[in-house]
Amino acid sequence: MAAKPKLHYFNGRGRMESVRWLLAAAGVEYEEQLFETAEEFENLIKGGKLMYERVPMVEIDGMKMVETRAILRYIAAKYNLYGKDLKEQVLIDMYVEGMRDLYDIIMFSPLSLPEEKEETLRFILEKATDRFLPVYEKVLKDHGKNYLVGNQLSWADIHLFELILMIEECKSDVLLTFPKLQEFKARVSKLPRIQKFLQPGSQRKPPMDDASLKVATNIFKLAKGMFIKHGTTIVGEL
């Protein structure tokens with residue numbers, strides 16, 4: 001029996017959460033080795049396991065994989081969540097890469113200063129409702145299918161579902177004017193593997209609170225005010 005994938009990260013969402021979502025959608029059980037201090041992270045680096053000396057890192061199929069998109073692309077391809085041909089794979093990549101800007105903005109928003117909180121929230125919701133969600137609403141409306149690519153569940157659908165939940169944590173009724181995305185969310189949430197991952201007690205991580213933010217900033221040497229907006233991109237690493 002093949003060993004379960006092992007995920008190396010801190011005990012929070014960050015960039016590893018998309019990996020957790022994709023493995024859950026594929027029905028793959030995995031283990032987590034979570035570090036809680038900067039010293040534990042440094043020991044992982046000193047052990048020579050981390051290319052570029054950063055995480056996420058996933059041990060899978062005899063490899064120690066780093067770089068989030070490389071990890072996700074491998075998992076998607078391995079578990080038939082990456083389209084049936086090159087054209088579908090390009091579409092999946094386009095949709096996923098398009099989501100990355102908004103995903104990162106939300107992920108790094110806890111690093112905004114207290115006086116920036118309202119502006120940051122407005123910025124997130126403006127980008128979500130004016131630029132990003134309309135794209136996926138139109139895709140679903142134009143082709144009339146259940147999923148973004150090829151009418152079968154793909155990495156792009158899982159990433160979009162995760163992103164929708166993240167935006168709804170900022171504003172619960174954000175999908176009010178996006179009927180196709182409402183249908184999409186309801187459809188994906190009913191998939192048995194997704195239902196299981198949404199249940200309390202799963203390996204899904206909660207939104208970052210003050211305690212987990214403090215742990216992350218200590219491990220990765222981050223500081224409040226590192227949330228720097230450049231159009232739809234930000235500077236930072238988590």
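**Notes on the sheet, its helices and the core**

1. Lysine 6 has glutamate 59 of strand 3 as its opposite number. The two strands concerned, strand 1 (residues 6-10) and strand 3 (residues 57-60), are antiparallel and joined over three bridges. Please keep in mind that this is a predicted model.

2. The sheet is open and has four strands, ordered 2-1-3-4, with mixed pairing. From one strand to the next, the twist averages 20°.

3. Helix 3 (residues 68-78) lies across strand 3 and strand 4, at about 125° to strand 4. Helix 9 (residues 210-220) touches strand 1 and strand 2, and its direction makes about 95° with that of strand 1.

4. Which residues of helix 2 are buried? In helix 2 (residues 38-46) they are Phe41, Leu44 and Ile45. These residues lie on the same side of helix 2 because they cover an arc of only 100° around its axis. Their cover includes strand 1, strand 2 and helix 9.

5. Glu39 and Lys46 are exposed, on the face of helix 2 turned away from its buried side. Just after helix 2, glycine 48 has a positive phi of about 75°.

6. The largest nonpolar core has 77 residues; Val19, Val55, Leu148, Ile167, Leu181 and Phe220 touch the most other members. Leaving aside residues up to four places away in sequence, isoleucine 167 touches Leu102, Ile106, Leu125, Ala128, Leu133 and Val174.

Terms used:
Residues are numbered from 1 along each chain as its sequence is written. This is a predicted model: local features need pLDDT of at least 70, side-chain atom pairs count only at pLDDT 80 or more; totals for chains, interfaces and linings use all residues. Side-chain values use heavy atoms; hydrogens and water are left out. A nonpolar core is a set of buried Ala, Val, Leu, Ile, Met, Phe, Trp, Tyr and Cys residues joined through side-chain atoms within 4.5 Å. Buried means under 20% relative accessible area, exposed over 50%, partly exposed in between (1.4 Å probe, protein chains only). Contact means heavy atoms within 4.5 Å. Two strands pair if DSSP finds at least two bridges between them. Axes are lines fitted to C-alpha atoms, for helices over the stretch in contact, and angles run from 0 to 180 degrees between N-to-C directions. The arc is that of the directions from the helix axis to the C-beta atoms.
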